[in-house]
Amino acid sequence: MPQKHRAKNNTQYAIPNTKYDFTDKTVLIMGLGRFGGGVDAAEFAVRAGANVIITDLAARQQLSDSIKKLGEFPDIKFHLGSHNEADFLQADIIIANPAVHPNNDFLQLARKHNKFVTSQINIFFELCPATIIGITGANGKSTTTALTAHLLRSQKSEVRSQKIENKSRTVWQPQAKLGAGLSSQYAIRNTQYEAVWLSGNIGNEPLLTILNQIKANDLVVLELSSFQLEQLVLRSEILRRVALAQIQSAVGGPKVALLTNLTPNHLDRYGTFADYCAAKENIFKLQQLDRNNPAVSIFNAEDEIAADWFEKYKKDPNRICIKFSSDDISRDIRDNFTLPGRANLSNLAGAVSVAKLFGADDERIKNALATFEALPHRLEFVQQIKGVRWYNDSKATTPQSAIAALEAFDEPMILIAGGYDKHLPFDELGQKIAENAKAAILIGQTAEKIADAIRSAITSLRGAQRRSNLIKQETRIEIVKSLAEAVELANRLAESGDIVLLSPACASYDMFENFEQRGREFVRHVQALSS
């Protein structure tokens, strides 16, 4: 049992004489959540000497796992099940969860009373001494982020580097002269970096409680969500409008920023695809352009919007723009890469573009891939049962990510899809299912919407088949009430040589706490088939 205590102020966790001197301040954490961000912010604030209050709309039972992680800090006060204006009025500092909308009424109230409203990601960017590599996109960002960190870690001891000392800190510089229109591939020499940290929206590591371990010559690879980027840009706008002498500098963006792709997502929050894209574009808008330390912006050449943004941003002085494509990956490297599908080749191409900035070559990259382990719930092979292979792609929470999964296989396929309704269109997914899947087993809020999209596509295919005298077995559509029923039905329908794929194309919140729980339940049900 860990000893319970109230942590005394630790100067490694706060900056004295700034807004981040938490000593004896009341810090309100808005949104504990179930993914670790609220836990990380609360522990950071306690260890920095703050009096911490946590407020969340969810009940204690729903947050039990997160609350247990804070068990060694008995002085934390939990105000759960609702928000109270009094908490926001008495707080000195409010740390908002990324899921909280920037225009939330309680945050507006706090700002009206001149409270310091910030976020986990803002605190990290303001206090992190290392070079930050930020990766965002609609699909593939977790895999790209993990691959990037893996390649950088694998080759760091072999890197030959050029050091430039600037104010007692090693920075990297371009080999070519900077100017508007500079877009030459890999135009930067790396630093001789030390540790490589992997964190952010990928959820495998905390952010703030590792700050005291990160050194100036390290690299930090962050997956950044659209919600986190909104928080960064909101804080920067406030700092530009209001002179806060206690803040050392405005929040900038990552020194290296990469966009995997853009397809509709989170329309339940943004309303339009254009607004969602605008939130993602902040990763480039926030980058600080410095002639002696240029920003690097990396774009997927195979994505229409990303390609347009490359043309837009390559005109900036003091910014180096790079394009990547799955076609960039050599045959030797492909042969050492085990993740299926062209979408994963694109993820690898993005990671390679970053690794080459910091000194990696094809031989090092090829060798590093031999030890890369795929992330769970991302086209994760579960088991082969009676000649049928089962895959868990629970992280596929958008139609486009499910389409990428469908395109990863040539074998006959049974798809399990459906979930929480984010108000995304399913027309393209319905077409792909009708073309590629022998059966679709649908669950959750969106089951009927996806079924309608498949039926519409089947009708169109019938006409095309009649005109071309082709006969194709039509996709079977089944709607069931639970994931357990879906697995049971898929097992009855599947034949040797088939693939059964869980790739929901939707979030999980209608039936599960998160995509991880959904994936674990799928794996459990599959494994039960063979026991």
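**Rings, sheet and core**

Tutor: Both Tyr193 and Phe358 are buried, and since this is a predicted model, we shall speak of computed values throughout.

Student: The rings of Trp390 and Phe522 have their centres 6.2 Å apart and their planes at 45°; what kind of pair is that?

Tutor: Planes under 30 degrees apart count as stacked and those over 60 as edge-to-face, with the rest called tilted. The planes of Trp390 and Phe522 stand at 45°, so the pair is tilted.

Student: How many residues apart in sequence are the parts that this pair of Trp390 and Phe522 ties together?

Tutor: Trp390 has a relative accessible area of 0% and is buried, and Phe522 is likewise buried at 0%. Trp390 belongs to strand S15 (residues 388–392), while Phe522 belongs to helix H18 (residues 515–529), so the parts tied together are apart in sequence by 132 residues.

Student: Which residues form a cluster linked by ring pairs?

Tutor: Under the rule for ring pairs, the count of aromatic pairs comes to 15. Some of these pairs join up, and the cluster they link consists of Phe284, Phe299, Trp309, Phe310 and Tyr313.

Student: Which residue has its charged end over the ring of Phe515?

Tutor: For a charge to sit over a ring, NZ of Lys or CZ of Arg must be within 6 Å of the ring centre and within 35 degrees of the ring normal. Arg269 lies over the face of Phe227 in this way, at 3.8 Å from the ring centre. Over the ring of Phe515, with 5.3 Å to its centre, sits the charged end of Lys395.

Student: In the open sheet of 5 strands, what is the order of the strands?

Tutor: The edge strands, each pairing on one side only, are strand S3 (77–80) and strand S5 (116–119). Strand S2 (residues 51–56) is joined to S3 by 4 bridges, and these two strands run parallel. The pairing in the sheet is parallel, and the order is S3-S2-S1-S4-S5.

Student: What angle does the direction of helix H5 make with that of S5?

Tutor: Helix H5 (residues 120–127) packs on the sheet, where it touches strand S4 (93–96) and S5. The direction of H5 makes with that of S5 an angle of about 85°.

Student: Which element gives the largest share of the largest nonpolar core?

Tutor: This core has 62 residues, and those touching the most other members are Phe22, Val52, Phe124, Val220 and Leu222. The largest share of the core is 6 residues, and they come from helix H1 (residues 37–47).

Student: Is His377, which has a positive phi of about 70° although it is not a glycine, buried or exposed?

Tutor: His377 is found in the loop between H13 and strand S14 (380–385). Because buried means under 20% relative accessible area, and His377 has 8% relative accessibility, this residue counts as buried.

Student: And Lys386, another residue with a positive phi that is not a glycine, is that buried or exposed?

Tutor: Lys386 is found in the loop between S14 and S15, and its phi is about 50°. Because exposed means over 50% relative accessible area, and Lys386 has 79% relative accessibility, this residue counts as exposed.

Note on methods: Residues are numbered from 1 along each chain as its sequence is written. This is a predicted model: local features need pLDDT of at least 70, side-chain atom pairs count only at pLDDT 80 or more; totals for chains, interfaces and linings use all residues. Side-chain values use heavy atoms; hydrogens and water are left out. Two strands pair if DSSP finds at least two bridges between them. Contact means heavy atoms within 4.5 Å. Axes are lines fitted to C-alpha atoms, for helices over the stretch in contact, and angles run from 0 to 180 degrees between N-to-C directions. Rings of Phe, Tyr and Trp (its six-membered ring) pair if their centres lie within 6.5 Å; planes under 30 degrees apart count as stacked, over 60 as edge-to-face and the rest as tilted. Buried means under 20% relative accessible area, exposed over 50%, partly exposed in between (1.4 Å probe, protein chains only). A nonpolar core is a set of buried Ala, Val, Leu, Ile, Met, Phe, Trp, Tyr and Cys residues joined through side-chain atoms within 4.5 Å.
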